[in-house]
Amino acid sequence: MLLMIPGPIEVAPTVLEAAAGAPASHVSPAFIEHFGSVLERMRTVWGAGPDAQPMVVAGGGTLAMEIAVTNVTDAGDRVLVVNTGYFGDRIADMFERRGAIVDHVRVEPGKAPTTAQVESALNSRRYKVMAVTHVDTSTGVRTDAEALAKLARAHNVLSIFDGVCATAGERFEMEAWGADVYLTASQKAIGLPPGLALLMMSARAVARRAELTQAPPMTLDLLQWKPIFDAYEQRKGSYFSTPATTLIKALDVGLGEIVNDGMDTVFARHQRVADAMRAAWKSMGLTLLADEGLAANTLSAIRYPEGVGPELTKAIKERGVIVAGGLHPDLKTEYFRVGHMGYSARRPDHLLSTVRAVAEGLVACGHNVDVEAAVKVAAAAL
Ligand code: PMP
């Protein structure tokens, strides 16, 4: 069975191997080296400068969002959420729980606010923080992170980008674009099992945390963790709360493979793979939820064709491939989602098996598709 949902995803054998065996002590020399190396490699993958602070905390993407929110906002702060779907609503809820006042720039599912819309919102009020979902996993829409990060910087607003479905799959240059927090989790394009919240905080974000009147909960607090990460980067053991030693050892291997390929190669691979998958969907007469030009490279959110419904995902599974149903509450039963990131983006066999299973599933659901032609279209573009 192939796991082709937008996270968790298939994991490279090298990473699985690194995650096997007895757990290491968090102060063993080998583990200290892995953790220090992880923190250094994150800067390369994130496009972050030497003064940015990497964070690795056991948890998921939602925890990473909560770390971001609680470390840069106080009660009463005004926050702008560039809302492209499900995860924009989630981070808005977190800001409100923190006591912040939230405004949204909202669009219909499948669309993204234009830079001009966001600029006009930023001009209308004095915001402290702006939050953007880099790729919204509920709609398959990618926002223009570069333009939005630069816009926030120009307005002296701290920017948070949720990269859970993007980091290491979509280009992001944290330092060059002036972004302040870029957060993700281990189970998507980073290529690990679920279990780690991963963030990078700019020096501005670290300074904001120091100025807050309301400290974040202890386990989310950047200032609590910073001396620990600093120690590991200097290859010294330290302790605040036991790190996920097994996953961090595996993360060193996973990030090492990404860094060795080089970020340009990794981003170009995801672009090529997404183009190939989109060409295959088109050849089957399928359309994406995302507007032309907004479709992410890490996943496809695909509308069911006329006369076909959620039974398609079951038919695809019967052919050995697991894809995901819809997630956006407004149109949950109208589309399905296929992940094409991380390790599977390096495996043409995974991608072509997925195209075949979708095409055969459509045929089984009574939709007329030329299976061999669809596979050929994808193979030619990979
Ligand atoms: N943000 C985005 C864009 C996501 O896709 C997800 C997970 N699908 C999350 C946040 C939350 O991550 P987790 O499920 O690991 O808490």
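Reply: Helix 5 and helix 6 are roughly parallel to each other, and this follows from their packing angle. The model is a predicted one. Helix 5 covers residues 115–124, helix 6 covers residues 145–154, and the angle between them is about 20°. Angles under 35 degrees count as roughly parallel. The two axes are 10 Å apart. The crossing of helix 5 and helix 6 is right-handed.

Now the residues in that contact. Helix 5 contributes T115, V118, E119 and L122. From helix 6 come A147, L148, L151 and A152. By class, six residues of this contact are nonpolar, one is polar and one is charged.

Follow the chain out of helix 6. The loop between helix 6 and strand 8 (158–162) holds N156. Its phi is positive, about 55°, although N156 is not a glycine. Most residues other than glycine have a negative phi.

Strand 8 spans 158–162. A side-chain N or O atom of D162 lies 2.6 Å from a nitrogen atom of the ligand. T62 places a polar side-chain atom 2.5 Å from a ligand oxygen atom. For Q187, a polar side-chain atom is 2.8 Å from an oxygen atom of the ligand.

Take helix 11 (residues 263–283) and helix 14 (residues 371–381). They pack at about 160°, with axes 8 Å apart. Angles over 145 degrees count as roughly antiparallel. Helix 11 and helix 14 are therefore roughly antiparallel to each other. Their crossing is right-handed. On the helix 11 side, the contact uses R272, A276, A279, A280 and S283. On the helix 14 side, it uses A374, V377, A378 and A381. This contact divides into seven nonpolar residues, one polar and one charged.

Next, helix 2 (residues 29–46) and helix 9 (residues 222–233). Their axes come within 8 Å and cross at roughly 105°. That angle makes helix 2 roughly perpendicular to helix 9. Helix 2 brings F31, I32, F35, G36, L39, E40 and R43 to the contact. Helix 9 answers with F229, Y232 and E233. The classes here are six nonpolar, one polar and three charged residues.

P8 sits in the loop between strand 1 (2–3) and helix 1 (13–18). The peptide bond joining G7 and P8 is cis, with omega about -5°. Most peptide bonds are trans.

Back to your pair, in short. Helix 5 and helix 6 pack at about 20°, their crossing is right-handed, and six residues of their contact are nonpolar.

Definitions and conventions: Residues are numbered from 1 along each chain as its sequence is written. This is a predicted model: local features need pLDDT of at least 70, side-chain atom pairs count only at pLDDT 80 or more; totals for chains, interfaces and linings use all residues. Side-chain values use heavy atoms; hydrogens and water are left out. Axes are lines fitted to C-alpha atoms, for helices over the stretch in contact, and angles run from 0 to 180 degrees between N-to-C directions. Helices (H or I, at least four residues) and strands (E, at least two) are DSSP runs, numbered from the N terminus. Angles under 35 degrees count as roughly parallel, over 145 as roughly antiparallel, 65 to 115 as roughly perpendicular and the rest as oblique. A crossing is left-handed if the near helix is turned anticlockwise from the far one by less than a right angle, and right-handed if clockwise. Contact means heavy atoms within 4.5 Å. Ala, Val, Leu, Ile, Met, Phe, Trp, Tyr, Cys and Pro count as nonpolar, Asp, Glu, Lys and Arg as charged, and the others, Gly among them, as polar. A polar contact is a pair of N or O atoms within 3.5 Å; within protein, one must be able to donate a hydrogen and the other to accept it, and residues adjacent in sequence count only if both atoms are side-chain atoms.
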